[in-house]
Amino acid sequence: MKMIKKPTLKDIALEMKISTGAVSRIMNGKGEEINLAPETIRRTQEYAASIGYRPFTLAKNLRLGKSGIIGVCMQTTLERTSDMLSEILAGIFTQAAEESVGVMHFGAYSREAYRQVLEQCTRHDLDGLIVHYNGDKESMEYINELHAKGVRLVMLMDTLKTFRGCRIDFDHRMGGRIITQYLIEQGHRRIAHVTDSRIPSSIPRCEGYNDALSQAGIKFDKKLIVDRADSGFPEVLEKLFTLSTPPTAIFCWNDKTALRAARYLNAAKHPHPVQIAGFDNRCFMHYGEYRFPTVDFPSKLIGQEAVKLLLKNGGDEVVTVSPRLLTIEEQGPINDF
């Protein structure tokens, strides 16, 4: 659907034959301060109203810092909202309460809707905006436009690093390295990796896997890497166990994949023990029937750090949150429902 161009200060200035700065003053009720004629002020206001011009309130409040409310705009899916992103939101609300600021949450469940939701954000009196998105180019271009206009923004986990402003990053590569190192320390040399190249965060996690193998002097074997983008379950695992020398351990790019791998191996009654490792420390890990080492993705901490960075107004600062290995022993007992 073709987007309708929103009227701008420049459009008004061209029609009224005055500068954009003068139009901005008029729209902010300060036309008389620069000695503009009352008739010019009136005609400019009337023309602005007639073409549907709406002040860019978010940029204005960014400069003034007056509303005491921050916005959160997330593009996600219903599945992810119920788990990891809900923890990020919990961190945002917790830190916002400590900072005595309010939070206005906007959400969108499709790429098409996300741009519209972002535009809605700019119509509210906000001191800044925390944004998260799923990687579509059009949304990122618009977010970068907002940043260029001076809107105070913090991007959550821009794995592709295409945002030009403040970001909260997570070191996925280090996480992939430390979980693979753990498996090596347990005595494994044939370590497989299940990845999903459709998901941006899986790429640095796979790079971390390769780093650990290289540091340990273990020869890289491309047959030990299987991609869920190429085939689903259980086909990706069946490929590994048709090898002449199958793996003794499998690092799965996330906990959901690791859980499915554990269930598959149990159902298949594999004759030799295979150690499974995951990534993320998802909440269902504490209720499931299988336990495996994983990497903690501190969702709540990421939300808290995003609020701190937004209120700090750190220019183009990037805060990188480090991963932490979680062994089975460190995870504690399985919780009852």
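Q: Which strands does helix 9 lie across, and at about what angle does it run to strand 8?

A: Bear in mind that this is a predicted model. Here helix 9 (residues 172-185) lies across strand 6, strand 8 (249-252) and strand 9, and its direction is about 170 degrees from that of strand 8. Helix 10 (residues 202-215) also runs at about 170 degrees, this time to strand 6, and it lies across strand 6, strand 7 and strand 8.

Q: What order do the strands of the open sheet have?

A: First, the general idea: strands in a sheet pair through backbone hydrogen bonds, in parallel or antiparallel fashion. In this open sheet the 4 strands go 7-6-8-9, and the pairing is parallel. Strand 7 (225-227) and strand 9 (275-277) are the edges; each has a single partner strand, so one side of each has no neighbour in the sheet. On average, neighbouring strands are turned by 20 degrees against each other, ignoring direction.

Q: How many bridges join strand 6 to strand 7?

A: There are 3 bridges between strand 6 (residues 191-195) and strand 7, which run parallel. If you want a spot to look at, find T195, which stands opposite D227 in strand 7.

Q: Which residues touch the most other members of the largest nonpolar core?

A: In soluble globular proteins, nonpolar side chains tend to be buried together. In this model the largest nonpolar core has 59 residues, and those touching the most other members are I130, L156, I168, L237, I250 and I276. Take I250: leaving out residues up to four places away in sequence, its contacts include A192, V194, L237, F241 and I276. There's also a second, separate core of 18 residues, with I143, L146, V151 and L153 among them.

Technical notes. Residues are numbered from 1 along each chain as its sequence is written. This is a predicted model: local features need pLDDT of at least 70, side-chain atom pairs count only at pLDDT 80 or more; totals for chains, interfaces and linings use all residues. Side-chain values use heavy atoms; hydrogens and water are left out. Two strands pair if DSSP finds at least two bridges between them. Helices (H or I, at least four residues) and strands (E, at least two) are DSSP runs, numbered from the N terminus. Axes are lines fitted to C-alpha atoms, for helices over the stretch in contact, and angles run from 0 to 180 degrees between N-to-C directions. Contact means heavy atoms within 4.5 Å. A nonpolar core is a set of buried Ala, Val, Leu, Ile, Met, Phe, Trp, Tyr and Cys residues joined through side-chain atoms within 4.5 Å. Buried means under 20% relative accessible area, exposed over 50%, partly exposed in between (1.4 Å probe, protein chains only).
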